[in-house]
Amino acid sequence: MTTQPDVQSVASTSDYHAVKLLRQMLRIRRFEEKCAELYTAMKIRGFLHLYVGEEAVAVGVLEALRPEDAVVATYREHGHALARGVSARSIMAEMYGKLEGCSRGRGGSMHLFDAKTRFYGGNAIVAGGLPIAVGLALADKMRGEHRVTSCFFGDGAVAEGEFHECMNLAALWKLPVLFVCENNLYAMGTRIDLAQSETDLAKKAASYAMQSIAVDGMDVLAIETAAGKAAAAVRAGEGPVFLECRTYRFRAHSMYDPELYRSESEVAEWKKRDPIPALAASLKTANLAAMEQEIASEIQDAIAFAESGSLEPVEDLERFVYSERRKA
Amino acid sequence: MTESAIREAIFKGLKKIAPEVNPGDLAPGENLREALDIDSFDFLNLLIGFHDSLGVDIPESDYGKLTTLDAMVSYLSQRVT
Amino acid sequence: MSTITYRDAMREAIRDALHRDERVFLMGEDVGRYGGCFAVSKGLLDEFGPERIRDTPMSESAFVGAGIGAALGGMRPIVEIMTVNFSLLALDQIMNNAATFLHMSGGQFNVPLVIRMATGGGRQVAAQHSHSLEGWYAHIPGIRILAPATHEDARGMLWTALEDPDPVLIFEHSGLYNKKGELPPDAGPVDIDRARIHRKGRDITLIAYGAGLWQALDAAETLAHNSIECEVIDLRTLRPLDDATFFESIARTHRAVVIDEGWRSGSLSAEICARIQEKAFYELDAPVQRVCSAEAPAPYAKHLEEASLPSAQKIVAAVEGIIHPNG
Amino acid sequence: MAEYTMPSLGADMEEGTVIEWNIKPGDHVRRGDIIGVVRTEKADVDMEVWEDAVVDRILAKPGETLPVGAVLAIFRGETEAKQPAPPPSEAKPAAPEEVEHIHASPLAQRIAKELGLDLNRIHGTGPHGAITQADVENAAKAGEKPAPEKAPPTAAAEAGLPERTAADVQAGMRRAIAAAMARSNREIPHYYLETRINMDRALRFLEAENQKRSVHDRLLIAVVLIKAVAKALNEVPELNGYWKDDRLQPQESIHIGLAISLRQGGLVIPAIHDADTKSLDELMQAMSDLITRARTGRLRTSELTDGTITITHLGDLGVETVYGVIYPPQVALIGFGRIIDSPWAENGMLGIRPVLTATIAGDHRATDGHRGAQFLTTLNRLLQEPEKL
């Protein structure tokens, strides 16, 4: 078991692949920025938690997973959904509360669901998703499926009882779960050293007799490599793996957050390690302008799709409270 | 007092105790009490009516002579002054 | 007919389900080696092995959530929470995940999960172990709540619940496990949508569930001696409530008493009374009365506990109060 | 007190001139009545009243021109006029504004509405005097007729439901009687006894008495029978009372219910109060008053629900023997058939006598046949000495 980031980024990744990662991160970044704008224009309402700054984690980890794998995320989930393959259209329509949204407009930003990509939603209860992921992995194990259930959560979840219960149960039953902790140093407004006795989360997770790795959450290539190894171990039945991604969010916790709990300089310091320009710099061949154009038009299309979307008929309010056919 | 006036007085009395009945359709020989579903209290009121309108006083012993419309007409016409 | 205990009937239901469908498995604290806190799952570990009879750590939120996840993953788990008292630790998973997934996902994800738990007091185990909270759970749209009172239901409800694509919570009153009853050898799955009229009567309707059913039947027996005929209804399902059955009954009897071991305020009986006055108001010749638990934490001392719980005597008194209001 | 003001009868109308009133103080007006005429620029327009009320005072005199909203007359609430006992005196204190809430079970309210019965006139036996189903059924059975025309509109009218037709009243009454009879049969174990009474002396006594009276005061045989029953009950008090809470509750006062059939069908059983203390003339007066008011629907509730025993005198309509069904909670019912000239043996001689068949239906929980027989023999004895009644 180790304590510092020891996984070097693999220099020889082909530029083509790196461009793909870059494009995915940039796509998420622009999407999130547009969401902030739309929120101020009151097109998106309710709670909105943006992923700006942490894109490398979702892109790196999800790149390492396979279509048959499962994803359980949190309310800061736009990046994960986009990286997993949920369409920008259906996500935007969902935030517009439209029927064409990936949850029929019922979930909103915090509860995106997509059966095709086994995206088991955002969960707005901190650590609420961990037991679900454990269960999905339990089912895979009992059915002999060689699939990985990835479970994303923040450093805040580490303080929840469910974290400890799930880590123990997953390790005890050697369940195929990839626990991905996006440690962005803040549980909403509480810095990690004000919440955790042991702030080295990888070390903490190791105490559950589980493989535990920490990686630079701002290095998409490093994350992809680490996640790849971890997923392979999980898929091979070696039991759960804990992957701590040390990252940072450049924007507020949510739209209401005055960010009194951290200094401008700290934010500025972390921005220097922004994963997107870092990767772009190493890719001379990337045509950033064209990439930006494509992304902008995808986002514009998503907005048009959302704007023209329909509202779910009020008569359907109680549909799906219970199933419509009685036999499972 | 003419017979038709007496008949008129009888009809008026019958109408008072059996409003929903049309005395006109009564067969002359029909038993009034059965036809009109009249009990002794109604019958007494009928006699009180004749006493007030025709000035005729009918003792109980004569009740038997007043069973049908014709009998009533002839009985009253003999006694009306 | 064979005479068996309520516990045996429930064990038989679990065994039958495990045999019928390999997706079915039982998970909970001490359900395996210990044989179940109430010995419901005794012998199942030897018969089906540790993969399908899974003892869990004391992590209610984790293993109930895992049950939800496994159901999402294609299994048909039976999660046993030892008693409703410990279910409070898993209430977030039940309410915010199990009950909500299908609706919030716009109909994409079903949670075909069954959670069983013991409920109710009456065994002097004091405040933290004597709760009767099925009324709370019956408040949550998205899950079904069952209360098997009879051996037939203890034997028959589980399979129907497992076949249901939505989460089903089964509340077994702890006082019933030792109760003996008759069960035909071929007893099998039963309906879980309808209430059942256990005893016909013309003067007053007694609406009960779980252990309350047997108290209502005792009360009806006593009242019959002074020519008061009670109609006794076993709700069987607490959500959705089969209110048509008790509306129809009240249309005949024009009086009702609701028996509910929950605390009176905001209880299931309060919901039943509200529906009666909404839908059967002009059938009522007297206000609906309720026999509930006293609104206090369950006391240890026997005489206090008896004073706080519903009973046949209290039901008789309530009925007398309605039939002969002026004494 | 409600003020009737100059109505605004057009968007542009500012004032109007009272042309005429067709009401005067003390009049009862019903919603929708036209109470006068007012002249506006455009036309003479009727003044309509919007709720039932009683005219208290008229302020505006015909010919006066007043602005819209000016007070023209004062009305007082309808409820005031409803007080049964106190005669409506002119110097009335202000009528209580809203009708006091009647405590009646929803079921009772429903049945009362169906039968067109006025809850104000029904005596409640439920908790805190609330009116229950049984109270309404008894009232219906006892013939509480639908509130007569002048009375405040029934709840149905107020609720905008279609006015109740005679058929509705009939059906409602039929239902109420059926319910009471069914309950009676179900709950009361009846025993029946019968005896034949020589009415010769009673009839001759009646004829002698009637010769002393004008036809207006003429007595019917029924009152002789009522008096005899009342006197007989003094000797057999167990038959005069109620079966309640599983025990016989004999009553001191003897209120004899008379089963009076109504022309359009249905039955009412008003009671003659304290029949044992009334003279034959008082009984005749009471009976004819009850029958008259029964047939015009103006019986008071109290008269309909406190009979302690009931007499049914269907013999009057040609039936020889009458077996009745007891009206709960009473414990006995006396039936009188028609008086028929029949063969009668007396000290060895056979003759023709006017014979009446009297029956008694008794509640076996309250009394046994022995009491019933004792009553009939006493009745027979009393009718042989009519002058002593």
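In this predicted model, the contact between chain D and chain C takes nine residues from chain D and nine residues from chain C. On the side of chain D that touches chain C, helix H2 (residues 106-115) of chain D gives the most, with four residues, and the residues of that side divide into four nonpolar, four polar and one charged.

Chain A also meets chain C, with 37 residues of chain A in contact with 39 residues of chain C. The elements that give two or more residues to the side of chain A that touches chain C are helix H5 (130-142) and helix H6 (161-172) of chain A, and H5(A) provides the largest share of that side, 10 residues. The table sets out the classes of residue on the two sides described so far.

| Chain D, touching chain C | four residues | four residues | one residue |

Chain C, which takes part in both contacts, has a secondary structure that comes to 13 helices and 14 strands. Of its 327 residues, 57% count as buried, and among the contacts in chain C between residues at least 6 apart in sequence, 78% join residues at least 24 apart.

One helix of chain C can be followed residue by residue. In helix H9 (residues 211-225) of chain C, the buried residues are Ala211(C), Gly212(C), Leu213(C), Trp214(C), Gln215(C), Ala216(C), Ala219(C), Ala220(C) and Leu223(C). What covers these buried residues of H9(C) includes strand S7 (168-173), strand S9 (196-199), strand S10 (204-208), strand S11 (230-234), strand S13 (256-263) and helix H13 (312-323) of chain C. H9(C) is followed by Ser227(C), whose phi is positive, near 50 degrees.

In chain A, helix H2 (residues 55-63) is mostly covered, with eight of its nine residues buried. The buried residues of H2(A) are Glu55(A), Ala56(A), Val57(A), Ala58(A), Val59(A), Gly60(A), Val61(A) and Leu62(A).

Two packed helices are described by the angle between their axes and the distance between the axes. Helix H1 (residues 3-17) of chain B and helix H4 (residues 69-79) of chain B pack at an angle of about 120 degrees, with their axes 10 Å apart, and that angle makes H1(B) oblique to H4(B). H1(B) passes H4(B) in a right-handed crossing. From H1(B), the contact is made by Glu3(B), Ile6(B), Arg7(B) and Ile10(B), and from H4(B) by Leu69(B), Met72(B), Val73(B), Leu76(B) and Ser77(B). Taken by class, the residues of this contact divide into six nonpolar, one polar and two charged.

Conventions. Residues are numbered from 1 along each chain as its sequence is written. Chains are lettered from A and ligands numbered from 1 in the order in which they are written. This is a predicted model: local features need pLDDT of at least 70, side-chain atom pairs count only at pLDDT 80 or more; totals for chains, interfaces and linings use all residues. Two residues are in contact if their C-beta atoms, placed from the backbone, lie within 7 Å. Ala, Val, Leu, Ile, Met, Phe, Trp, Tyr, Cys and Pro count as nonpolar, Asp, Glu, Lys and Arg as charged, and the others, Gly among them, as polar. A residue is buried if 20 or more other C-beta atoms lie within 10 Å of its own, exposed if 12 or fewer, and partly exposed in between; C-beta atoms are placed from the backbone. Axes are lines fitted to C-alpha atoms, for helices over the stretch in contact, and angles run from 0 to 180 degrees between N-to-C directions. Angles under 35 degrees count as roughly parallel, over 145 as roughly antiparallel, 65 to 115 as roughly perpendicular and the rest as oblique. A crossing is left-handed if the near helix is turned anticlockwise from the far one by less than a right angle, and right-handed if clockwise.
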